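I opened this notebook to record what I looked up, entry by entry. The entries follow the order in which I went through the structure.

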Amino acid sequence: MRLALKIVIVAGLSLAILLPLLMIRGVIHDRQRFRQEAVERIAQSEAGRQAVAPPVLVVPYTETVAVEDVDAQGRVLGVVNRERAGTWQFFPQTATLTGALAPYTRRLGLHEVRMYSLSGQLGAAFEARIPEDAADAVAPRRIGRPYLSYGIADVRGLRGTPRLQVDGAAVAVEQGAGDGMGAGVHATLAPVSAGDVLRVGTAFAFELAGSASLAVVPLASDTRVALDSPWPHPQFNGRFLPQSSAIGADGFRAEWAVSSLASDAQRQHRQGTRIDRELASLVFFEHSGADLDVLGISLVDPVDAYVRADRASKYGVLFVLLTFAAFFMFELLRQLRIHPIQYALVGMALAIFFLLLVSLSERIAFGTAYLAASAACIGLIGLYLAAVLRSRAWGFGFAGMLGLLYAALYGLLVSEDNALVLGAGLLFVILAAVMLATRRVDWYALGGAPARGPALPPLPEH
């Protein structure tokens with residue numbers, strides 16, 4: 001009965017430790033939320049996540065059409081001529097964006113926000129025919145000045161004045177992307193007439209700041225994008241992966257080639273979907289819910305301090321269970337009673353490690369914070385257990401075991417791709433060690449209950 005009661009007490013203490021662990025995880029999530037608020041505040045004052053699009057050639061016109069005139073009761077009174085405004089939108093045959101993403105950071109309080117500056121060159125080529133007036137038209141259309149509309153999600157990120165050349169001649173860039181064309185800039189071209197064929201080549205040089213991610217809308221019949229950066233941790237998102245990419249410690253280079261046959265971007269644009277800050281934000285979250293086809297890239301820290309601390313806290317229960325199991329085995333095998341309060345104090349020391357970790361990692365490098373927090377907790381538990389177990393050797397032996405566990409946990413945290421296989425292997429090794437260490441234990445004798453059935457012969461010594 002005493003063994004069963006002890007098992008119940010240890011199990012209850014293990015469950016009780018879940019409460020401080022959950023509270024600590026709540027603190028970690030709150031700190032993550034505060035960091036996200038810092039990102040949004042910097043985005044509001046400098047520039048947010050960006051999206052850019054090749055130019056669209058827009059030709060406004062006004063035409064006179066004959067429509068039926070009806071009264072309030074719906075009766076046709078006759079036919080009248082009315083003016084109707086519209087636009088023709090022509091997409092480029094080819095568009096090429098090349099550029100370099102230079103990362104930098106902005107700090108708000110304790111939080112660093114990843115920013116970038118894109119030095120880009122966007123070239124496009126058009127061949128468009130202005131429609132003729134219909135033979136039965138009431139009056140000739142009045143064709144307005146055509147313009148090139150460049151979509152940019154957050155124009156506050158433009159540094160300096162962009163330089164635009166049309167067929168080799170400099171053209172002034174104006175505010176806004178044009179009526180109904182969303183966010184961006186535009187440039188007015190020379191007047192055109194019905195039936196004209198426009199063959200236009202453009203070269204747009206710009207410098208654009210943004211935070212975290214960049215999206216490109218493949219509006220051309222053939223869109224090609226080539227980007228490079230010294231940042232070694234890109235994340236490719238959106239609906240199109242790079243055709244080729246090279247990623248190394250010194251940075252990355254990626255190239256995309258997207259045909260209009262593979263994208264609905266042109267149809268989506270004609271239906272009124274435009275670039276804006278919300279679209280650029282959706283791209284960062286794997287393009288969920290966005291209504292415009294894009295290709296995207298994010299400059300991310302694959303496992304930042306808060307993510308690592310959160311992942312570490314998930315192993316907190318395992319740490320407590322393994323430690324309590326070791327105490328329990330020691331208590332039974334060495335006949336040394338350990339009070340439940342002593343179990344609880346050691347469990348609290350294990351739990352507070354995660355709070356120390358997240359608080360220190362906000363101010364120093366995560367590896368250094370992990371070393372400091374684990375050394376503090378392991379040292380405290382080692383000194384305490386040396387007195388509880390009445391043996392320095394056993395106390396520091398347990399501390400050494402904890403040190404191995406913390407070292408294994410750090411390996412799990414820094415290994416993004418191999419975390420699952422390493423974690424599964426660690427659990428298997430621990431279970432195998434416990435089973436081998438207790439394979440000769442007579443649990444009935446330890447529990448004080450008689451064994452039922454014939455006694456098993458002892459295992460041969462090796």
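**Entry 1: a loop residue.** I began with Ala-212, which sits in the loop between strand S11 (197-211) and strand S12 (213-216). The model is a predicted one, and I read every value below with that in mind. Ala-212 is not a glycine, yet I found a positive phi of about 70 degrees for it. Is Ala-212 buried or exposed? Its relative accessibility is 13%, so I noted Ala-212 as buried, the limit being under 20%.

Entry 2: I then looked up Asp-167, in the loop between strand S7 (163-166) and strand S8 (169-171). Its phi is near 55 degrees, again a positive value in a residue other than glycine. Asp-167 has a relative accessible area of 52% and is therefore exposed, since exposed means over 50%.

**Entry 3: the whole protein.** I stepped back for the totals. I listed 10 helices and 17 strands. The protein has 462 residues, and 44% of them count as buried. I also checked contacts between residues at least 6 apart in sequence: 75% of these join residues at least 24 apart.

**Entry 4: H6 and H7.** Two packed helices are described by the angle between their axes and the distance between the axes. I looked up both for helix H6 (residues 340-361) and helix H7 (residues 366-388): the axes come within 8 Å and cross at roughly 165 degrees. H6 and H7 are therefore roughly antiparallel to each other, as angles over 145 degrees count that way. I noted the crossing of H6 and H7 as right-handed. By class, the contact of H6 with H7 has 20 nonpolar, three polar and no charged residues. Among the residues that meet are Leu-345, Ala-349, Phe-353 and Leu-357 in H6, and Tyr-370, Ala-373, Cys-377 and Leu-385 in H7.

**Entry 5: H4.** Next I turned to helix H4 (305-314). How many residues of H4 are buried? I found seven of the 10, so H4 is largely enclosed by the rest of the structure. The buried ones include Arg-308, Asp-310 and Arg-311, as well as Tyr-306 and Ala-309. The axes of H4 and H6 come within 10 Å and cross at roughly 175 degrees. That makes H4 roughly antiparallel to H6. Ala-305, Tyr-306, Ala-309, Ala-312 and Ser-313 in H4 meet Phe-354, Leu-357, Val-358 and Ser-361 in H6.

**Entry 6: the cores.** The largest nonpolar core has 45 residues, and those touching the most other members are Tyr-343, Phe-353, Leu-357, Tyr-370, Leu-385 and Tyr-406. Helix H1 (2-45), H4, helix H5 (316-334), H6, H7 and helix H8 (392-414) each supply at least two residues of this core. Apart from this core lies another, of 44 residues, with Leu-57, Phe-90, Leu-101 and Ala-187 among them.

Entry 7: I checked Leu-385 for contacts, leaving aside its neighbours within four places in sequence, and found Phe-327, Val-346, Arg-390, Ser-391, Gly-395 and Phe-398. Leu-383 is also found in helix H7. Leu-383 is exposed, with a relative accessible area of 57%. I noted 7.4 Å between the C-alpha atoms of Leu-383 and Phe-396, which are 13 residues apart along the chain.

Notes: Residues numbered from 1 in each chain as written. Predicted model: local features only at pLDDT ≥ 70, side-chain atom pairs only at ≥ 80, totals over all residues. Heavy atoms only, no water. Axes fitted to C-alpha atoms, helices over the stretch in contact; angles between N-to-C directions. Helix = DSSP H or I, 4+ residues; strand = E, 2+ residues; numbered from the N terminus. Parallel < 35°, antiparallel > 145°, perpendicular 65-115°, else oblique. Left-handed = near helix turned anticlockwise from the far one by under 90°. Contact = heavy atoms within 4.5 Å. Nonpolar A, V, L, I, M, F, W, Y, C, P; charged D, E, K, R; others polar. Core = buried A, V, L, I, M, F, W, Y, C linked by side-chain atoms within 4.5 Å. Buried < 20%, exposed > 50% of the residue type's maximum accessible area, 1.4 Å probe, protein only.
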